Amino acid sequence: MKINIPLCPRTKKNHQRIAMKGGRHFVLPSSQYEEYEQSALWYIRNPQKPINCPVCVKCLFYMETHRRVDLVNLQEAILDILVKAGVLADDNSNIVASMDGSRVLYDKEHPRTEIEIERIEE
């Protein structure tokens, strides 16, 4: 399965917000990430049941600048979006067994995330 999200990739961890509800504090992602997540969900069409078997998820993150970014944070964000979209049943290691080949690249004109999901034969 291949998915292309033609938006500049975002992480959940940058600029987090602290909120309080019912006397308890909790951490929310930035409003920029929340906007990115909603827009990304629009590009992900999943007509099938969520994947519930071991897969390799390869992500190519094309950034619009050469600024340093943590690959792991980008991966965490995109896996959460894939779960929310119903593409993956969960992002635990029983399902996302590998993320081989994922990397951060540069494309000022067309920032995007290219995702390739392949089943891993046991």
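Among contacts (heavy atoms within 4.5 Å) in the protein chain between residues at least 6 apart in sequence, 79% join residues at least 24 apart. The structure is a predicted model, in which local features need pLDDT of at least 70 and side-chain atom pairs count only at pLDDT 80 or more, while totals for chains, interfaces and linings use all residues. Residues are numbered from 1 along each chain as its sequence is written, and side-chain values use heavy atoms, with hydrogens and water left out.

The protein chain has two helices and seven strands, taken as DSSP runs (H or I of at least four residues for helices, E of at least two for strands) and numbered from the N terminus. Their order along the sequence is β-β-β-α-β-α-β-β-β. The radius of gyration, taken over C-alpha atoms, is 15 Å, close to the 14 Å that the globule rule gives for 122 residues, so the chain is as compact as a globular protein of that length. That rule is 2.2 Å times the number of residues to the power 0.38. Along its principal axes, the C-alpha trace spans about 45 × 40 × 25 Å.

Of the 122 residues, 39% count as buried; buried means under 20% relative accessible area, exposed over 50%, and partly exposed in between (1.4 Å probe, protein chains only). The chain exposes about 7900 Å², and carbon and sulfur atoms supply 47% of this area, as computed by the Shrake-Rupley method with a 1.4 Å probe.

The largest nonpolar core holds 28 residues, of which I5, V57, L82, L88 and I115 touch the most other members. Such a core is a set of buried Ala, Val, Leu, Ile, Met, Phe, Trp, Tyr and Cys residues joined through side-chain atoms within 4.5 Å. At least two residues of this core come from each of β1 (2–5), α1 (31–43), β4 (55–63), α2 (71–84) and β7 (112–119), and α2 gives the most, with six. Setting aside residues up to four places away in sequence, L88 touches P50, I51, V55, L79, L82, V83, I95 and V96.

The buried residues of α2 are N73, L74, Q75, A77, I78, L79, I81 and L82. Their cover includes β1, α1, β4, β5 (96–98), β6 (103–106) and β7. Just after α2, G86 takes a positive phi of about 85 degrees.

T11 sits in the loop between β1 and β2 (17–21) and counts as buried, at 8% relative accessibility. Beyond its neighbours within four places in sequence, T11 is in contact with Y33, V69, N73, L74 and A77. Q38 lies in helix α1 and is partly exposed, at 48% relative accessibility.

Finally, the cysteines. The structure holds zero disulfides, a disulfide being a pair of cysteine sulfur atoms within 2.5 Å. C53 is in no disulfide, and the nearest cysteine sulfur, in C56, is 12 Å away. C53 is buried, with a relative accessible area of 19%. C59 is also buried, at 0% relative accessibility, and its sulfur is 9.1 Å from the closest cysteine sulfur, in C56, too far for a bond.
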